[in-house]
Amino acid sequence: MKFLCLGYLDSTQMDGRPKEEIEAVMQKCPPHLEQLYNSGQVILDAGLSPKTRRLRRANGAIQEMEGPFAEAGETIGSAFLIEARDMEEAARIASLHPAVQVDAGELFGWRIEIHPVHYFKSTE
């Protein structure tokens with residue numbers, strides 16, 4: 001079964017920190033990412049830009065809006081797709097991600113949401 005994991009952050013907390021502090025925290029992430037990748041169950045991992053475009057249908061037309069959309073200050077900073085037997089195994093794998101392994105992530109509101117994927121088609 002596939003699971004889409006979304007990594008969130010509190011952009012107001014991160015934007016309020018000095019660049020050097022953020023860079024020091026980010027330097028702690030690669031070993032945790034390597035552990036995650038070495039699980040052999042990561043299908044895709046993507047870091048996301050805060051720039052977004054929202055599409056929605058309204059009054060019979062498609063409307064576009066530029067982002068970021070920072071409702072409550074939360075931003076999706078990463079997305080990764082994993083293969084796991086069930087939600088418990090998915091949570092174990094996702095728990096290897098830096099968002100929940102790096103101590104400073106707590107200050108920045110880092111967290112992971114895990115969503116079972118009901119439909120998946122690879123175009124490759």
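Is Arg-111 buried, exposed or partly exposed? Arg-111 counts as partly exposed, because its relative accessibility is 27%; buried means under 20% relative accessible area, exposed over 50%, and partly exposed in between, with a 1.4 Å probe and protein chains only. The structure is a predicted model, in which local features need pLDDT of at least 70 and side-chain atom pairs count only at pLDDT 80 or more, while totals for chains, interfaces and linings use all residues. Residues are numbered from 1 along each chain as its sequence is written, and side-chain values use heavy atoms, with hydrogens and water left out.

Elsewhere, salt bridges that share partners join Arg-53, Glu-64 and Glu-66 into one network. A search of the whole structure finds 9 salt bridges. In one of them, the side chains of Arg-53 and Glu-66 meet at 2.3 Å, N to O. This pair links distant parts of the chain, since Arg-53 lies in strand E3 (residues 53-58) and Glu-66 in strand E4 (residues 61-66), 13 residues apart. Helices (H or I, at least four residues) and strands (E, at least two) are DSSP runs, numbered from the N terminus. Glu-66 is exposed, with a relative accessible area of 51%.

A further salt bridge joins Arg-85 and Glu-89, with the closest N and O atoms 3.2 Å apart.

The interior comes next. In soluble globular proteins, nonpolar side chains tend to be buried together. Here the largest nonpolar core has 21 residues, and those with the most contacts inside it are Phe-80, Ile-82, Phe-108 and Trp-110. Such a core is a set of buried Ala, Val, Leu, Ile, Met, Phe, Trp, Tyr and Cys residues joined through side-chain atoms within 4.5 Å. Strand E1 (2-10), helix H2 (19-26), strand E5 (74-83) and helix H4 (87-94) each supply at least two residues of this core.

Leaving aside residues up to four places away in sequence, Trp-110 touches several residues, including Tyr-8, Met-14, Cys-29, Pro-98 and Val-102; contact means heavy atoms within 4.5 Å. His-32, which is located in helix H3 (residues 30-38), touches Leu-96, Pro-98, Gln-101 and Val-102, with the residues up to four places away in sequence again not counted. His-32 is buried, with a relative accessible area of 19%.

What of the cysteines? A search of the whole structure finds 0 disulfides, a disulfide being a pair of cysteine sulfur atoms within 2.5 Å. Cys-5 is in no disulfide, because the closest cysteine sulfur to that of Cys-29 is in Cys-5, 16 Å away and too far for a bond. Cys-5 counts as buried at 0% relative accessibility, and Cys-29 counts as buried at 8%.

Definitions and conventions
A salt bridge is a side-chain nitrogen of Lys or Arg within 4 Å of a carboxyl oxygen of Asp or Glu.
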